[in-house]
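Welcome, and please open your viewer. We will go from stop to stop, selecting a few residues at a time.

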Amino acid sequence: MKKLLFSITLLNCCNIVFAQKFYTKNGSISFFSTTYVENIQADNNQVMSVLNATTGELQFSLFIKGFHFKKALMEEHFNENYLESDQYPKATFKGTIADINKINFLKDGVYPILVSGDLTMHGITNKISSKGSITIKEGAITGSSVFSVALADYKIVIPAIVETKISKTIEIKVNCLYDQKM
Amino acid sequence: MGTAKKIMITFCLLILIGVAAAFYLWNKPHQNVANAAAVKTNAVSLYKVFKSDSIAANKKFTQQVIEVSGTVNRVSKNQQNQTVVLISTNTNGAYINCTLEQDSKNIQPGQLINIKGICNGIGQGDADLGIKGDVYLVRCYLDQ
């Protein structure tokens, strides 16, 4: 029994050592807008993300129409008027994790990270950087981060009539379990 | 009844109708996917049409309620504890990626399945890394 357990652990470790790239096609990205009038949240659970554990390269891509709101009308306005998702259907991020070699992918723990790169949405690309973490637990790798973006930086215009309901700065929460490797 | 009174009543009625319409729109529910009419297809042809002519596929399927039949490849939970079912296509590594709105515990790999959901199009994958894009279905229900 002990030999079997040892072999399984060894196999898991070998898998992690030999695999250099981890990815998911079902990562989660949510955003929050908080104002004194209303709090708005939308979730997208169809995020594709690839993490290169050797070079630290990290990328995300998602469909804007994949964001699901509690209220149907908000979802309509978000797609048709604010993000214009027929014209700009996807948002992407391409960047790198600094000092990736400080993360021991074989050892359980929560490793703080600094990610920087290009975030593209609504047809505009801006450089961003954000703190986050990589969590290793029993071989499972989860990346998470929370950062803010200003709507004006991406030329997302909110009409004056609903200006009080939507924050000018949106908080974005990333949570991806990299359940596939290559 | 005087003209002024009539105008006042009409004005009040118009305001009431306006408020009711705004209230209805504000609380308008999401599309009822479970009961919606669906375009029927199977996983192999759906993936094939997205790969061969994505413009035509987007016109026909994207943002539409579709019902896909196929064989379950994998069942997992996403970060929000929703069930994700991957239906096999005839391309290795590419799936119809279905996120269920209802909780479902009895789906097994190898099982033949009919899933109804809103199609969000095909993901971009990563050609350099050989990761193929899945066709996404969201707010899915099992069609028994």
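Is A:Lys127 buried or exposed? Select A:Lys127 and look: A:Lys127 is exposed, with a relative accessible area of 71% (buried means under 20% relative accessible area, exposed over 50%, partly exposed in between, with a 1.4 Å probe and protein chains only).

Before moving on, a word on what is on screen. This is a predicted model, where local features need pLDDT of at least 70, side-chain atom pairs count only at pLDDT 80 or more, and totals for chains, interfaces and linings use all residues. Residues are numbered from 1 along each chain as its sequence is written, chains are lettered from A and ligands numbered from 1 in the order in which they are written, and side-chain values use heavy atoms, leaving out hydrogens and water.

**Stop 1: the partner of A:Lys127**

A:Lys127 and A:Asp118 form a salt bridge, with the closest N and O atoms 2.7 Å apart (a side-chain nitrogen of Lys or Arg within 4 Å of a carboxyl oxygen of Asp or Glu). A:Asp118 is partly exposed, at 28% relative accessibility.

**Stop 2: where the chains meet**

Now show both chains. Contact, meaning heavy atoms within 4.5 Å, takes in 36 residues from chain A and 32 residues from chain B. In chain A, A:Lys25, A:Gln46 and A:Phe63 lose the most area to chain B. (Buried area is the accessible area, with a 1.4 Å probe, that two parts lose on being put together, summed over both.)

Three salt bridges cross this interface. Select A:Lys25 with B:Asp134 to see a salt bridge of 2.7 Å, N to O. Then pick B:Lys28 and A:Glu76, whose closest N and O atoms are 2.4 Å apart. B:Lys28 sits in a loop of chain B and A:Glu76 in helix H2 of chain A, so the pair joins two chains (helices, H or I of at least four residues, and strands, E of at least two, are DSSP runs numbered from the N terminus).

**Stop 3: A:Gln59**

Go to strand S3 of chain A and select A:Gln59. A:Gln59 is buried, at 19% relative accessible area. Its side chain makes a polar contact of 3.0 Å with the side chain of B:Asp126 (a pair of N or O atoms within 3.5 Å; within protein, one must be able to donate a hydrogen and the other to accept it, and residues adjacent in sequence count only if both atoms are side-chain atoms).
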